[in-house]
Amino acid sequence: MAKRHAGFRHLSEKRTALGVACDQFVEEDPGRGWVYRSASCVIFDDELASSRCARCPAIPAGCLADAIELPGERPLRQIGTLPRNLDSQIFGDHLLALGMKARFDEQPDGWIVWIYNEDQLARARAELEAYVRQPDDPRFGEGARTAEEVRRNAAKLEKEYRKNFREVTDLWSGLQLRRRPLTMALVIVSIVVFLLQQSSLGPVVVSSLMFTTAHLDPERGWLDNGLDPILAGEVWRLVTPIFLHFSIMHILFNVWAVTVEGTMIESRRGTFRLAVLVLVAAVLSNLGQHFYTAQADPGRFHLFGGLSGVGYALFGYLWMKGQYEPEQGMILHPNTITTMLFWLVLCMTGLLGPIANAAHVVGLLVGVAFGALRF
């Protein structure tokens, strides 16, 4: 029974064949090979002998364009041959203006014409026949301008894509802890802490990781102990609030943002730079949120936490890198920048409930500063 084999390629690739090129590829009996009577095929290997060509039945064949799709390639279908005395450029522009992408392979007697989209096969073949009959028809010369515009738009889109996006496989090739250990550590610790918060250990975990502690005043309720615990030696509290999250949506959004942004920075700039950025952003955003709430509502205890301050620092860093060092390859899409700034402002309106807006702003300023200073 036939199997797909890497030794077979499409005729249009101009590889040297061990066998022959032929048309009207058919199978010997049901269930063996593939039936494409109008396709072209070529044997590159003599391992397969499941199907035979109608024009050369003595020679086994095993492949055709539509039977195998190679990585990064699209199958082609041949619509015919354009005589050498006719202009392939004019006909190619005409097809492109009609929305049909074609490929021309030069042969001694002319050009073999291939179409990328099988749904357009019949129409493309009809256009080829019409061009061969009446090459002077004005409509065939009118496609040049439209085709050039199509090419310019395609080139612009390709340039925009390459400017703003990296290959998904480069960013998301498994966990690849060795390439982004700090990013994954931040995510894993945040998830573990969130799960512990939902357990009976929740109060102990929150009390140990929050920025400060509180004491109960009989008349005023719970009051903030300010910087006293940190000054007494509990310096981890300057950082650990970033691991506290208070809803499933809270942690999902923050983990997603840090994973995307952290991966981009760590894979390009290294773990050390990311560690410095995360540490500074965590400390300053937590201090900023603490002092803001202490000023806005003195004496009262305010619990806050989350990776969003760090997330906005990473966003600000990438934003500046894209502006001043695009050669680093860390460029955010304009829509991403707009969305992040929109959410920053929306959170400040109070419509989404109590949010650590000061941490967001301070984190953003830290990231912008590090990015602008070309750290």
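How many of the 17 residues of H10 are buried? In this predicted model, the count is 13, so helix H10 is largely enclosed by the rest of the structure. Buried here denotes a relative accessible area under 20%.

The elements that give two or more residues to the lining are H10 together with helix H8 (248-269), helix H9 (271-296), helix H11 (334-348) and helix H12 (357-372).

Attention now turns to an open sheet of three strands, arranged in the order S5-S7-S6 with antiparallel pairing. Strand S5 (77-83) and strand S6 (102-107) each have a single partner strand and stand at the edges, so one side of each is left without a neighbour in the sheet. From one strand to the next, the twist averages 25°. S6 and strand S7 (residues 110-115) run antiparallel and are joined by six bridges; Phe 104 stands opposite Val 113 in S7.

Two helices accompany this sheet. Helix H1 (residues 88-97) packs on the sheet and touches S5, S6 and S7, its direction making about 165° with that of S6. Helix H2 (residues 121-133) lies across S5 and S7 and runs at about 5° to S5.

Key
Residues numbered from 1 in each chain as written. Predicted model: local features only at pLDDT ≥ 70, side-chain atom pairs only at ≥ 80, totals over all residues. Heavy atoms only, no water. Pairing = 2+ DSSP bridges. Helix = DSSP H or I, 4+ residues; strand = E, 2+ residues; numbered from the N terminus. Axes fitted to C-alpha atoms, helices over the stretch in contact; angles between N-to-C directions. Contact = heavy atoms within 4.5 Å. Buried < 20%, exposed > 50% of the residue type's maximum accessible area, 1.4 Å probe, protein only.
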